[in-house]
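User: I would like a close look at one part of this model and at what surrounds it. Please keep to what can be computed from the atoms.
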Amino acid sequence: MKQIDVCLTPELLHLHPIENTIVVVVDVFRATSCMVTAFAYGVAKILPVATLEECRQYRELGHLTAAERDGLKPEGFELDNSPFSYMTGQIAGATVVVTTTNGTLAITRSRSAVKVLIGSFLNLGTLARYLRNQQYDVLVLCAGWKGKPNLEDTLFAGALVEQLQDEFIVNEDSALMALRQFQQARPNLLSYVANSSHVRRLQRLGIQKDIAYCLQTDLYDILPVLRGNVLVAL
Ligand code: MLT
């Protein structure tokens with residue numbers, strides 16, 4: 001029977017052999033929610049890079065770029081990391097080079113997996129359906145915050161474990177903890193994360209509507225997958 005496990009932060013990824021595993025990267029607030037939204041609004045490709053320097057080099061080559069550090073858009077980049085910034089005609093058919101504080105780092109660290117998929121509440125059902133039809137174990141990699149676990153990514157991991165627990169073994173406690181936490185939070189995800197560190201961080205920056213938006217379930221039938229270094233919609 002296939003197994004599903006949860007890695008609560010990229011700092012623990014070395015404990016999980018991923019060469020024969022599908023890795024689902026999640027960064028609910030906001031990188032992976034943004035990426036799913038971008039594909040829903042017609043972006044052709046997303047190139048996730050770990051550093052601002054790499055992203056700047058692509059900018060100099062004339063690529064459309066998006067960047068975020070500590071919730072804000074650094075100088076010199078076109079797009080920030082708000083899903084709403086991708087809801088314009090500007091990105092249709094484009095390739096966007098993206099770097100964020102945690103999400104893109106988690107993606108670049110997962111490259112040796114048999115497959116890397118992008119997960120968010122926005123495409124939860126589509127992702128679960130796809131994973132049911134695959135023969136591989138699954139590892140949910142939570143982007144967290146600068147090496148530390150965070151609440152929202154853990155809740156997403158729990159939601160996916162819940163959807164797959166009838167066909168996947170839940171062997172490790174991190175998956176069980178995430179499942180139990182999600183079941184507690186389910187009645188009202190927004191109030192459950194209200195006091196979480198990144199929600200407070202975003203609110204301090206005057207970013208509010210992104211939070212409720214990223215907690216919506218099954219808005220899009222979209223599943224981004226890594227092909228080489230580039231994300232495309234399956
Ligand atoms: C990240 O990668 O850490 C997040 O996406 C940060 C954010 O967009 O607020």
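In which loop does Arg30 lie?

Analyst: Arg30 lies in the loop between S2 and H1; helices (H or I, at least four residues) and strands (E, at least two) are DSSP runs, numbered from the N terminus. The model is predicted, so local features need pLDDT of at least 70 and side-chain atom pairs count only at pLDDT 80 or more, while totals for chains, interfaces and linings use all residues. Residues are numbered from 1 along each chain as its sequence is written, and side-chain values use heavy atoms, with hydrogens and water left out.

The peptide bond that leads from Phe29 into Arg30 is cis, with omega near 5 degrees. Both residues also belong to the lining of the largest cavity, where Asp27, Phe29, Arg30, Trp145 and His198 lie nearest the centre of a 15-residue lining. A cavity here is a set of points on a 1 Å grid over the protein atoms alone where a 1.4 Å probe fits but cannot get out, and lining residues have an atom within 4 Å of a point. One cavity of 30 Å³ or more is counted. The largest has a volume of about 80 Å³, a volume being the space filled by probe spheres set on points joined across faces, edges and corners. Its lining has three nonpolar, eight polar and four charged residues; Ala, Val, Leu, Ile, Met, Phe, Trp, Tyr, Cys and Pro count as nonpolar, Asp, Glu, Lys and Arg as charged, and the others, Gly among them, as polar.

Lys146 is not a glycine, yet its phi is positive, at about 50 degrees.

On the H1 side, Thr37 lies within helix H1 (residues 31-40). Thr37 has 0% relative accessibility and therefore counts as buried (under 20% relative accessible area, with exposed over 50% and partly exposed in between, for a 1.4 Å probe and protein chains only). Its side chain makes a polar contact with the side chain of Tyr213 at 2.7 Å; such a contact is a pair of N or O atoms within 3.5 Å, where within protein one must be able to donate a hydrogen and the other to accept it, and residues adjacent in sequence count only if both atoms are side-chain atoms. Neighbours within four places in sequence aside, Thr37 is in contact (heavy atoms within 4.5 Å) with Pro83, Met87, Leu122, Tyr213 and Tyr220.

On the S2 side, strand S2 (21-26) is one of the elements against which the buried residues of H4 pack, and strand S7 (137-142) and helix H5 (151-164) are also among them. Helix H4 (residues 124-132) is largely enclosed by the rest of the structure, because seven of its nine residues are buried. Those residues are Leu124, Gly125, Thr126, Leu127, Ala128, Tyr130 and Leu131.

Leu131, together with Phe156 and Leu160, touches the most other members of the largest nonpolar core, which has 76 residues. A nonpolar core is a set of buried Ala, Val, Leu, Ile, Met, Phe, Trp, Tyr and Cys residues joined through side-chain atoms within 4.5 Å. H5 gives the most to this core, with seven residues. Beyond its neighbours within four places in sequence, Leu160 is in contact with Ile4, Val24, Leu124, Leu127, Ala128, Leu131 and Val140.

Key
1 Å grid on protein atoms, 1.4 Å probe; cavity = no way out; pocket = protein on both sides within 12 Å on 5 of 7 lines; lining within 4 Å.
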